[in-house]
Each structure stands twice: as structure tokens, then as C-alpha cells.
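Let's take a walk through this structure together, with the aromatic rings and the helices as our guides. Have the coordinates open as you read.

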Amino acid sequence: MRIGPSHPWLGAAGFHLTLPLLELFYRKLAIYRAESRFARDRVRAIKDKIERGQTVYLAGVSSAGIHNSGVALVEVTRSGPRLLFNNEEERFSAVKHTNQYPQMAIEALRAAMARMGLDITNIDAWFSSWDYAALAATLIRSLLEELPANIGMMKGDPTGLFNLRDFDRGSRAPRHIMRQLGLSEWVPLIGTPHHDNHAWFSFATSPFAQEPAPVMVAVLDGLGDMGSITLYVCEGGRMRRLYSNDSVFDSLGIFYSVISSTQGGWTWLSCEGRYMGATAYGNGDRKTNPYYAALKPILSLLPGGRIAINRDLANWQRDILRKPYTPELIRILGTPIAPEDMWNPDAMLRVEDIQHKENTQERLDKAAATQMVFEDALMHVIDYFIRATGSDRLVLTGGIGLNALGNMRLLEHFDRSFFRRELGRAGRLHLWVPPTPNDAGVTMGAAYMGAYLAGYGMGEPIEHAFYCGTPPAEGDIRAVLEASADVEWIELVSAKSAPVLAQFADFMAYMTSQDAIFALYQGAAETGPRALGHRSILANPCNPDTRANLNARVKYREAIRPLAPMLTLEAALEFFELSDGASDADYNAYNYMVLTAHAKPEARTRIPSVVHADGTGRLQIVRENTDPLTYAYLKALGRRIGVEVAVNTSFNVAGPIAQTPAQALDTLRRSKGLDAVLMFSDEGPVFAALHSGTGQSGGNKFRQWLKAWQAETSHRLEV
């Protein structure tokens with residue numbers, strides 16, 4: 001078994017020689033490292049302003065040419081930071097996981113600040129989500145470590161994670177921001193370490209932030225600007241780095257991305273969640289899965305919680321796109337699917353073909369084996385972390401945090417029996433994962449790191465994720481509807497008052513009881529990859545055909561994709577086995593669809609459409625104080641269908657979640673099985689957007705439901 005790079009000394013020498021040169025290079029481009037004199041002076045000025053009782057505005061920006069570009073804004077006072085916006089560029093450009101300069105996100109931020117009576121010049125500092133110099137030096141180190149075998153990767157062919165050409169363009173962000181905002185000078189960026197950004201924001205907004213005991217924060221993702229795994233301990237409002245693996249390729253994120261794309265047939269950043277969903281159909285028994293034992297050695301579990309890829313099996317450190325497997329790994333998994341064949345329906349993993357293709361079950365077993373190998377490595381890291389710190393509080397972040405199944409396994413493994421048996425004490429692991437553990441959240445992290453460096457990094461715990469953009473305005477909704485001759489629409493009454501809001505909630509529940517599938521478009525959009533009630537498609541969880549109908553007629557997606565339950569806390573406790581390790585802050589960890597739970601037996605019969613093939617559900621608990629409309633809808637469902645549960649999936653079709661009114665109508669056009677889009681304006685009036693025509697796909701069904709509900713309740717929602 002070969003672990004570690006071929007030329008570690010060459011890589012290390014290249015890193016140390018180029019880092020100071022790159023620091024100087026980026027300084028000339030107005031990009032500064034966090035320890036630079038410029039950064040120290042700017043942070044000192046911020047600190048002085050806060051201590052004088054003034055309010056400071058800090059922007060976090062991801063513009064380095066790496067996926068999920070965007071901009072965030074944080075308000076900082078003596079009470080700490082308060083998140084105002086996290087604008088993801090993909091939501092405005094409609095290009096998923098875009099690595100382009102976040103022009104539209106910044107423009108939306110400027111407009112939002114103007115509505116608040118602020119100007120873009122009120123921003124006291126801009127913090128980058130990447131340390132440019134460290135990242136560039138790390139990439140040079142990674143190339144030198146495998147020369148000459150990796151010479152082909154120097155061409156800079158783009159992956160889903162990284163595009164060398166966009167990285168070069170990203171270095172011009174200070175001048176791009178200047179030009180876009182009409183300023184007279186380049187806007188200086190302070191590059192804060194990528195994993196620090198993930199870690200501090202995730203900790204500071206967690207239920208554990210105010211606890212006196214030390215808290216573990218684990219950042220595991222595809223790559224950071226120094227490595228791919230970093231462990232921190234947070235205590236007393238300070239963060240200490242315990243360990244960093246200083247390796248791009250010894251990465252759990254890259255391991256999962258490479259295998260899931262080359263075995264599942266989807267491109268990077270679209271493959272990981274789909275592959276995790278496929279594992280439910282495979283053999284999840286380590287003793288009998290036909291691929292697990294052979295695949296397990298691909299990740300070496302080393303002392304000190306370290307992980308290294310087995311380079312006798314993995315070849316992605318040499319050719320990540322064209323030859324990611326060694327011959328030995330090909331013998332285990334078969335020939336990898338080539339990039340040009342990804343998204344090919346004949347190559348993609350399709351669970352609906354199980355009865356027709358002999359090799360489909362084999363591929364599902366490979367997915368299950370990959371998940372189990374991943375979980376083994378995750379357990380290894382966290383086992384060391386617990387023993388090294390003595391802590392029982394863990395914040396897990398980085399892209400790995402989106403593996404909701406792995407998160408559940410952590411809580412199952414590190415339970416009370418583990419603490420008694422292995423540590424000789426009472427206790428169990430308590431876990432929290434933020435709603436944006438991936439790079440959609442690192443812009444917020446950069447702004448929070450600015451507040452942390454100034455000594456005011458602790459704010460209030462997060463309770464929701466509705467921070468992307470601003471609520472849709474009545475004028476914008478109306479203008480788009482009036483310009484869309486191919487869309488029918490009905491103007492409904494204002495939902496500003498609580499009684500009328502309750503009526504809308506009951507009407508939505510009535511539609512659900514009639515097996516309607518409709519979209520809810522309200523308020524500021526969710527930030528992060530999960531729709532949580534502001535940009536959601538909702539349906540009946542009691543109908544066993546809902547999943548098949550929604551996947552086939554509305555979302556046009558693979559049958560392996562599960563549907564998530566949106567539910568009240570009472571319903572969650574009734575139908576699922578919630579872990580007491582996720583019970584902090586009233587089970588806050590279950591608010592964001594980042595954690596699965598085992599369904600109780602009655603759930604399979606009463607809400608079959610939200611129970612996955614492995615008997616789990618990826619929960620979203622809705623709270624009345626953060627989303628009164630959706631909460632009221634769930635309570636109304638309890639009266640209408642007997643369960644306070646709805647099917648919830650994101651309001652999109654093969655693209656980013658719909659952000660703008662125009663995108664909402666585009667999604668309606670693409671989704672022929674969607675019965676309606678209910679569009680709640682910020683000012684109050686509500687609009688129902690419908691397919692035009694007189695058939696089943698037209699607005700007739702909606703009009704019939706509305707008429708029947710109004711007759712039943714004696715309430716009127718039509719203007």
C-alpha cells in the first residue's frame with residue numbers, strides 16, 4: 001500500500017519558496033493575507049469603531065474562481081455580528097455552482113442596502129473566503145508532489161470544483177468590484193483562510209457557542225487553501241487549530257466526488273447527493289456487500305485521526321479527469337465513466353432499471369460500499385477528535401456536512417455505550433451541522449471571521465436560513481406575470497394579516513388533501529442547497545404515489561431521489577426516532593435537512609412518500625417564529641389529512657432554486673406537472689401562477705380547488 005505523495009520534499013520546498021512570492025504578487029492586486037500589516041491596520045480600525053459604539057458592516061466575498069461564488073453582508077456591533085444577507089451568485093445567474101465573478105449577487109446586495117438606507121461605501125471591509133496566496137502555493141505543491149505523472153493536469157482542465165482560468169480571473173476581483181460599484185480605487189480584499197471561515201461561522205451560529213466547555217469543530221471538504229481536513233477547538237470565544245492535514249488529495253470530499261461521478265454518471269457537485277440517495281437501494285451490510293472489503297483499503301486510517309488515500313488504488317492525484325483509477329481499482333469497481341459520458345441516460349445509475357439490467361444492482365452495491373468506506377473514515381477522524389479533546393460537542397462543517405446519512409451514523413456510533421465502553425465516563429456525542437456547510441456558506445464565514453479578528457465574533461445562534469436576497473416585491477411579481485402571455489394567473493387577497501395568512505395556510509392544506517403539487521414562493525430565499533419553505537414544492541406525504549409522480553412529472557429526476565419530510569416538532573417526534581444527540585436548542589439540528597432519522601413503523605404506512613428505501617427521512621422541522629405561514633400550513637394539514645407533515649422538495653428543475661419572480665415562472669413552464677405557484681409578495685398581495693390551457697395541465701384544477709374551498713369555509717381569497 002502506497003500512501004503519501006511521490007515527492008513530498010519537492011512539494012514542500014515549492015510551497016515555502018512560492019508562498020512569499022505569491023503574497024507579494026497578490027498584494028499588488030490589492031489582495032492581502034489576514035496576517036499582513038494592511039489587514040492588521042484595517043481590523044484595528046474596525047475594532048476601534050465598534051468600541052466607540054458605532055455599527056460596522058463587513059462583506060464576505062467568494063470571487064476566487066472556485067465554485068459557489070457569492071457575497072454576504074454582516075452587521076457588527078458590541079453585541080457581535082448579525083447576518084443580513086448571503087447572496088449566492090447561482091441564484092441570480094441561474095448557473096448552478098457557478099465559479100464566475102459574483103456580479104449579480106453584488107448588484108442585488110447594493111439594491112438591498114439602498115432599501116435599508118445604506119450605501120455600498122458603508123461597507124468597512126471586504127473579506128475573501130479564500131487565502132489566495134496560500135491556495136496558489138498549495139496547488140503548486142500538489143503539482144510538484146506527483147511530477148511528472150500529473151503533467152496533464154497542468155493544462156488546467158476544469159472540474160466542478162475548480163477552473164484554473166476562472167481562478168486567474170478571480171485575482172482581478174478588487175478591480176471588478178471597483179468598476180461595478182463605480183468607485184475610484186480598487187476594493188482591497190483580506191483573504192482569510194478557507195477552513196477558518198467554515199469553522200468560525202459554523203461554531204458562532206451553533207447552539208453550542210455560549211457553552212463554557214470546549215467545542216470540537218471539524219471542517220472536512222474537497223479542498224481548502226491549505227488542506228482538506230482541519231480540526232479546531234473553540235472555547236471562551238476563541239478558536240484554536242488543532243490539526244490540518246495539509247493535503248489536497250488525501251480528501252474525503254474528493255474521494256466521494258470522484259467515485260460518485262465516475263460510478264453514478266453525474267458531474268461533480270451534482271453527483272454526491274444523488275449517490276448518497278442510491279446507497280439506500282444497495283447492500284448496506286459490511287459483511288455481505290460484495291465490494292466493501294475490496295474497496296475499504298482505498299482510505300488508510302492512520303494514527304492521530306489522519307486519513308490518506310491508497311495511491312495503489314487511487315490515481316486522481318495524477319489525472320483526476322481522464323485516469324482517476326489505477327488498474328487495481330478498475331478491477332474492483334470497473335472502468336470509470338468518462339466526463340463526456342456523464343449525464344448520459346445510458347450511463348447514469350437508474351434504480352428504475354433494476355429489473356432490466358443485471359449490472360444495476362451491482363452499481364447500487366458499489367454506492368453502498370462507497371458510503372460505508374466514507375463513514376469508516378469519518379468515524380476515525382471524530383473518534384480521535386473526541387479522545388484528544390475530551391469534548392462531547394461537535395460542529396461538523398465543510399461539504400462533507402451535507403452527507404446527512406453519515407451525520408446520523410455519527411450520532412449512532414458515538415452514543416452513551418461508546419462513552420462508557422471506550423472513555424469510561426457518562427455522556428454521548430452532541431452534533432450540529434449548519435444549513436450551509438458547503439461553500440455557499442463560506443462567504444458568511446469570511447464576514448464572521450472579520451468580526452472575530454476584531455474581537456466581536458460571537459453573535460446569536462442561527463434559527464433559519466432565509467438570507468438569500470430580499471422578499472419579492474408586488475411590483476416585480478406583477479410585472480413578470482403581465483409580461484408572460486403563456487402563463488395564467490389569479491390575483492388573490494393580501495396575506496399581511498394573521499387571520500388571512502391562516503386562511504391561505506388552510507387552503508394550501510386543502511389542495512394537498514386533493515393531491516395537488518404546488519410551489520410556495522415567499523420571503524427571502526433560503527441560502528444553502530436545501531429549500532426550507534420559502535422556495536419549496538409541496539405535496540401529500542400520505543399518497544404512496546407522490547414520490548413517483550413528483551420525480552417523473554414535476555422534477556424530471558431519477559427515481560432514486562428521496563423526498564424530504566417537512567413537519568412540526570410534534571410530528572417529528574411522532575413519526576421518527578430523533579437522536580437525543582441532536583436535541584440541543586429544541587432539536588435545532590433537524591431544522592435544515594442535514595440530518596436523517598430512522599422512521600418509526602407507523603411512518604411507513606401513514607407517510608410513505610417521505611420514508612426512503614432504507615427506512616430513513618431527511619427531516620426539516622419548521623418553527624412558528626421563523627416561518628409562520630409554513631408552520632400554519634403544517635398545522636392545517638394535521639386537521640385536513642391527519643398528519644402535520646408535507647413532502648418538501650426544492651422549487652427548481654435541473655438548475656438552482658428559483659430566486660426571482662422570472663425564474664419562478666420559468667420553473668413553472670418547465671415543470672408540466674406543477675399545479676400552481678403561490679407567490680406571496682412582501683407588501684401582502686398573493687398571486688397564483690398557473691399553466692395556461694384548459695386541460696389537466698392548465699389552471700382549471702386550481703380554480704376548482706379554490707372554488708370548493710371557498711364554498712366549504714365561506715372565506716374568499718380571490719380579489
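**Rings, charges and helices**

Both phenylalanine 201 and tyrosine 448 are buried. Keep in mind that you are looking at a predicted model.

Now back to phenylalanine 201 and tyrosine 448. Their ring centres are 4.9 Å apart and their planes lie at 85°, so this pair is edge-to-face; the cut-off for that arrangement is over 60 degrees. Where do the two residues sit? Phenylalanine 201 belongs to helix 8 (residues 194-204) and tyrosine 448 to helix 16 (residues 442-453), so the pair ties together parts that are 247 residues apart in sequence.

Rings can also join up in a cluster, as Phe25, Tyr26 and Tyr132 do through ring pairs. Two of these residues lead us to a helix pair: Tyr26 in helix 1 and Tyr132 in helix 5 are among the residues where these helices meet. The axes of helix 1 (residues 8-28) and helix 5 (residues 132-145) come within 8 Å and cross at roughly 150°. Angles over 145 degrees count as roughly antiparallel, and helix 1 and helix 5 are therefore roughly antiparallel to each other. Their crossing is right-handed.

Phe15 of helix 1 and Arg141 of helix 5 are also among the residues at this meeting place. Here the charged end of arginine 141 sits over the ring of phenylalanine 15, 5.5 Å from the ring centre. Another such arrangement involves arginine 535, whose charged end sits over the ring of tyrosine 521, 4.1 Å from its centre.

Our last stop is helix 24 (residues 661-670), where Pro661, Gln663, Ala664, Leu665, Thr667 and Leu668 are buried. What covers them? The cover includes helix 3 (89-93) and helix 17 (474-482), along with strand 14 (487-494), strand 15 (518-522), strand 23 (676-680) and strand 24 (685-691).

Conventions: Residues are numbered from 1 along each chain as its sequence is written. This is a predicted model: local features need pLDDT of at least 70, side-chain atom pairs count only at pLDDT 80 or more; totals for chains, interfaces and linings use all residues. Side-chain values use heavy atoms; hydrogens and water are left out. Rings of Phe, Tyr and Trp (its six-membered ring) pair if their centres lie within 6.5 Å; planes under 30 degrees apart count as stacked, over 60 as edge-to-face and the rest as tilted. Helices (H or I, at least four residues) and strands (E, at least two) are DSSP runs, numbered from the N terminus. Buried means under 20% relative accessible area, exposed over 50%, partly exposed in between (1.4 Å probe, protein chains only). A charge sits over a ring if NZ of Lys or CZ of Arg is within 6 Å of the ring centre and within 35 degrees of the ring normal. Axes are lines fitted to C-alpha atoms, for helices over the stretch in contact, and angles run from 0 to 180 degrees between N-to-C directions. Angles under 35 degrees count as roughly parallel, over 145 as roughly antiparallel, 65 to 115 as roughly perpendicular and the rest as oblique. A crossing is left-handed if the near helix is turned anticlockwise from the far one by less than a right angle, and right-handed if clockwise. Contact means heavy atoms within 4.5 Å.
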